[in-house]
Amino acid sequence: MTKLVVCGALGRMGRTILRLSLEYSDLEVVAGVEHPDCVKSPDLGEATGIGELKGKPLTSRLEEVLPLCDVVVEFSGNTLAAVSHTKLTALAKKAVVIGTTGFSHEEVEEIRSYSFYAPVLLSPNMSLGVNLLFRLTQIALQALKDKNFDVEILEIHHRFKKDAPSGTALRLEEIVKEVMGIERSVHGREGICPREQEVGTMALRGGDVVGEHTVFFFGFGERLELTHRATSRDIFAKGALEACRWIKDKEPGFYTMFDVLGI
């Protein structure tokens with residue numbers, strides 16, 4: 001049995017992870033962590049309305065419940081909190097799965113440094129399909145590199161999403177720059193701005209769109225598009241839970257969903 005503590009337990013993703021964890025016979029949520037302003041009850045079951053979790057603690061201090069678990073699932077939605085939680089977890093020799101997005105380069109490098117002490121998995125998107133999109137994008141770029149193709153990225157999310165572009169879009173952008181040898185990226189265009197040697201990433205926000213990402217490969221006389229559309233937030237929670245199952249008892253190191261998928 002793999003025992004989990006969920007950070008950001010009362011958020012959209014946290015609640016989904018809690019609900020879906022009940023479908024796994026080999027996973028058990030033992031506690032939740034949330035911002036102190038949100039903790040109105042110390043009982044996770046009462047706070048979430050999930051009867052099966054009654055009696056499990058809900059706290060604003062991860063260190064209080066860290067000894068109870070094997071894996072910490074980090075979906076607090078706050079990068080400063082996520083880095084702090086990762087540090088606490090790794091120094092306690094526990095595994096951590098991080099789904100929070102919006103990290104700066106410096107924050108990612110700090111998170112990476114903690115993987116010396118414990119297994120740390122960081123992914124801007126936990127969806128199994130999105131991670132396959134990452135790999136397919138790499139394959140397409142390798143095939144089309146130096147073939148006079150321009151690459152652009154479009155992402156769409158619901159009106160409440162905090163960061164733009166999304167962490168998934170930024171990871172796609174990184175992949176394009178790595179494979180194509182491009183240094184310049186553009187987030188939106190305005191005025192007189194002829195395209196240079198660059199990759200453009202555009203973000204749209206509206207309604208209740210769970211998430212959509214398209215990578216465009218523009219040639220002369222042809223165009224290739226790779227698209228992933230999420231129609232339920234459950235896919236991200238299921239991916240995170242699969243990551244939790246996979247990472248238990250792994251050696252210290254910095255992992256991604258590619259490792260979970262074996263691709």
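View 1. Asparagine 148 counts as exposed because its relative accessibility is 54%; exposed means over 50% relative accessible area, buried under 20%, and partly exposed in between (1.4 Å probe, protein chains only). This is a predicted model, in which local features need pLDDT of at least 70, side-chain atom pairs count only at pLDDT 80 or more, and totals for chains, interfaces and linings use all residues. Residues are numbered from 1 along each chain as its sequence is written, and side-chain values use heavy atoms, with hydrogens and water left out. Asparagine 148 sits in the loop between α6 (128–144) and β7. Helices (H or I, at least four residues) and strands (E, at least two) are DSSP runs, numbered from the N terminus. The phi of asparagine 148 is near 65°, a positive value in a residue other than glycine. Most residues other than glycine have a negative phi, and most peptide bonds are trans.

**View 2. Aspartate 249 in its loop.** Aspartate 249 belongs to the loop between α8 and β12 (253–255). Its phi is near 70°, again positive in a residue other than glycine. With a relative accessibility of 69%, aspartate 249 counts as exposed.

View 3. Alanine 164 and proline 165 are joined by a cis peptide bond, with omega about -10°. Proline 165 lies in the loop between β7 (150–157) and α7 (167–180).

**View 4. Glutamine 197 and its contacts.** Glutamine 197 is placed in the loop between β8 (184–186) and β9 (198–205). Its relative accessibility is 58%, so glutamine 197 counts as exposed. Apart from neighbours within four places in sequence, glutamine 197 is in contact with Ile182 and Arg184; contact means heavy atoms within 4.5 Å. Glutamate 183 is 14 residues away from glutamine 197 along the chain, and their C-alpha atoms are separated by 8.1 Å.

**View 5. Helices α4 and α5.** Helix α4 (residues 79–91) packs against helix α5 (residues 105–114) at an angle of about 10°, and their axes are 9 Å apart. Axes are lines fitted to C-alpha atoms, for helices over the stretch in contact, and angles run from 0 to 180 degrees between N-to-C directions. The two helices, α4 and α5, are therefore roughly parallel to each other, a term for angles under 35 degrees. From α4 the contact uses Thr79, Leu80, Val83, Thr86, Lys87 and Ala90, and from α5 it uses Glu107, Glu110, Ile111 and Tyr114.

**View 6. Helices α1 and α8, with serine 21.** Helix α1 (residues 12–21) and helix α8 (residues 234–247) cross at roughly 65°, their axes coming within 9 Å. Among the α1 residues that meet α8 are Met13, Ile17 and Ser21; the α8 residues that they and others meet include Phe236, Ala237 and Leu241. Serine 21 is part of helix α1 and counts as buried because its relative accessibility is 2%. Not counting residues up to four places away in sequence, serine 21 touches Leu27, Val29 and Leu241.

**View 7. The largest nonpolar core.** This core has 34 residues, of which Leu4, Ile17, Leu18, Val97 and Leu121 touch the most other members. A nonpolar core is a set of buried Ala, Val, Leu, Ile, Met, Phe, Trp, Tyr and Cys residues joined through side-chain atoms within 4.5 Å. Helix α8 gives the most to this core, with seven residues. Leucine 18 touches Val6, Ala9, Val29, Leu44, Thr48, Ile50 and Leu53, leaving out residues up to four places away in sequence.

Key. Parallel < 35°, antiparallel > 145°, perpendicular 65-115°, else oblique.
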